[in-house]
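Me: Take a close look at one part of this model for me: the packing between helices. I want angles, distances and contact residues.

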Amino acid sequence: MKMVFLGPPGAGKGTLAAMASEHLSIPHISTGDLFRAAIKNETELGKKVKEILAEGRLVPDDLTIALVRERLAQPDVKNGWILDGFPRTIPQAEALQQISPVEKVVNFDVEDSVILFRLTGRRVCKSCGKIYHIVTMPPKNEGICDACGGALYIRSDDQESAIKTRLEAYRSLTAPLIQWYGERSLLVTIDGAGKPDDVFQIFVKAIKG
Ligand code: ADP
Ligand code: ZN
């Protein structure tokens, strides 16, 4: 199955994609994670996008499409994939149709107040990328990853000003994809407001139908 997870920042796409990837035995490809890895490794791409991510703006389409094209040429994607955070613009969606057409688009519907609560409380493991929330999914020991013992950090784009920029980018550039995929009969919308386990159950039912 080739799947796209669509939704505003903080919709829970990354958390759900990790669960779904295990359930379906297909790789979870997060463009945000790929960009953060490039920044951490100080690659050419990383140098180009570091400031853009910190401010919460979108990376230009050409760079993003090239990154996804390269990733979808790897051998591990032959049985399908979950794209999390791509496409985020209509030109990206058009490019994906050329590279490898998506079969199902899962749109996570979550209201703004929930988004803000989630993003401001989010903590991420520096070593393994596992996602926590200081209120709803705290680690056993403050600031330390349960899974690997790594240090938890606050993403630079989870600061309030960057959150505002990301939501604006979502509304103007990404939300039109809901209609775009709807017109192509690829879209299923699910309520993303609940706890990860509950949203996961809704997700499993939705992709069977
Ligand atoms: P979130 O969904 O919580 O905003 P992501 O980890 O998906 O976070 O993305 C983080 C940042 O990476 C985005 O704010 C943007 O700068 C960049 N990015 C990720 N995916 C894309 C994309 N498809 N197009 C442009 N920029 C992207
Ligand atoms: Zn960890």
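Reply: A crossing is right-handed if the near helix is turned clockwise from the far one by less than a right angle, and left-handed if anticlockwise. This is a predicted model, with local features needing pLDDT of at least 70, side-chain atom pairs pLDDT 80 or more, and totals for chains, interfaces and linings using all residues. Residues count from 1 along each chain as written, chains are lettered from A and ligands numbered from 1 in written order, and side-chain values use heavy atoms, without hydrogens or water.

Start with α4 (residues 61–71) and α5 (residues 90–99). Both are DSSP runs (H or I, at least four residues; strands are E, at least two), numbered from the N terminus. Their axes lie 10 Å apart, at an angle of about 25 degrees. Axes are fitted to C-alpha atoms over the stretch in contact, and angles run from 0 to 180 degrees between N-to-C directions. The angle therefore makes α4 roughly parallel to α5 (under 35 degrees; over 145 is roughly antiparallel, 65 to 115 roughly perpendicular, the rest oblique). The crossing of α4 past α5 is right-handed.

α4 contributes Asp61, Thr64, Ile65 and Arg69 to the contact (heavy atoms within 4.5 Å), and α5 contributes Pro91, Gln92, Ala95 and Ile99. Four of these residues are nonpolar, two polar and two charged.

Now α5 against α8 (residues 176–183). Here the axes come within 10 Å and cross at roughly 35 degrees. From α5, Ile90, Ala93, Glu94, Leu96 and Gln97 meet Pro176, Leu177, Trp180 and Tyr181 of α8. This contact has seven nonpolar residues, one polar and one charged.

Notes. Nonpolar A, V, L, I, M, F, W, Y, C, P; charged D, E, K, R; others polar.
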